[in-house]
Every structure is written in structure tokens, then in C-alpha cells.
Amino acid sequence: MSGSFYLVRRELCPPFPLDLATDMFSALHCVDRGYRAVVEERSRVEIAAQPDAGREFERKVRTMVTGLRALRAFRRLLNPGRSGVFAWFLRATS
């Protein structure tokens, strides 16, 4: 899910850890509870890059680090015996 535009059922929104990507955490949290994370292929979001290349690089590094932390928090979902096909999708994108 993109942090710039996503929806989650209110009852599935726990307090977000500050050091994890909230969008990735939300999707993984829902799947871990037996729900689906669904991507609407027609949705589009435009994000302007930082005009300063150094700041843009820092943003991208922060995005990757917090996303990997979220994945580590739910690493049990990488097990196909636990999460089925979803594990293969996670492995392909991580």
C-alpha cells in the first residue's frame, strides 16, 4: 500500500509503532489477523520529488528502512504454511 493513499477498517487500526512504515504495517497487520490487503489497480497518486537530491535520497532511505522494519515485525507472514500465497508475494517484493 502507498502511504500517500490507503484505507483500513477502523477496528483493524492498532496504535502505530513510530519506527515502522505505517502503510506497510497496516497491510501486514490486517493479513496477520486473517484479512486481505487489496490493491486497487486503477488508483493513482502523484508524489513530487524533493527538489534537493540529498533530501530525496534521505526520504527514500527512510522509506526503505521503516518498510523493512515493518516486514521484520511480521516476518512470520513470509512462511507459506502460515499465510499461503501471500508469503510468495511478500518474498517477491522484498
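Is F16 buried, exposed or partly exposed? I began my notebook with that, and F16 turns out to be partly exposed, with a relative accessible area of 35%.

**Ground rules**

I am reading a predicted model, where local features need pLDDT of at least 70, side-chain atom pairs count only at pLDDT 80 or more, and totals for chains, interfaces and linings use all residues. Residues are numbered from 1 along each chain as its sequence is written, and side-chain values use heavy atoms, with hydrogens and water left out.

**Entry: aromatic rings**

I looked for paired rings of Phe, Tyr and Trp (its six-membered ring), with centres within 6.5 Å; planes under 30 degrees apart are stacked, over 60 edge-to-face, and the rest tilted. My search gave two aromatic pairs. One of them joins F16 and F25 edge-to-face, at 5.9 Å centre to centre with 85° between the planes. F25 is buried at 8% relative accessibility, whereas F16 is partly exposed. I also noted that F16, F25 and F74 belong to one aromatic cluster.

**Entry: the nonpolar core**

Next I looked up the nonpolar core, meaning buried Ala, Val, Leu, Ile, Met, Phe, Trp, Tyr and Cys residues joined through side-chain atoms within 4.5 Å. The largest one has nine residues: L20, F25, L28, V31, A70, L71, F74, L77 and L90. Helices α1 (22-32) and α2 (53-73) each supply at least two residues of this core, and α1 gives the most, with three. For the helix names I follow DSSP runs numbered from the N terminus (helices are H or I, at least four residues; strands are E, at least two).

I then picked out L20 and listed its contacts (heavy atoms within 4.5 Å). Leaving aside residues up to four places away in sequence, L20 touches F25, T66, R69, A70 and A73.

**Entry: helix α1**

How many of the 11 residues of α1 are buried? I found nine, so the helix is largely enclosed by the rest of the structure. The buried residues are D23, F25, S26, A27, L28, H29, C30, V31 and D32. After α1 comes G34, and its phi is positive, near 95°.

**Entry: salt bridges**

I counted a salt bridge wherever a side-chain nitrogen of Lys or Arg lies within 4 Å of a carboxyl oxygen of Asp or Glu. The whole structure has five.

D32 bridges to R33, with the closest N and O atoms 3.1 Å apart, and R33 is partly exposed at 46%. D32 also meets R82 at 2.6 Å, N to O. R82 sits in helix α3 (residues 80-83) and D32 in helix α1, so this pair ties together parts that are 50 residues apart in sequence. R82 is partly exposed at 45% relative accessibility.

My other example is R59 with E56, again 2.6 Å from N to O. Both lie in helix α2, three residues apart, about one turn of the helix. E56 is buried at 11%, while R59 is partly exposed at 24%.

Technical notes. Buried means under 20% relative accessible area, exposed over 50%, partly exposed in between (1.4 Å probe, protein chains only).
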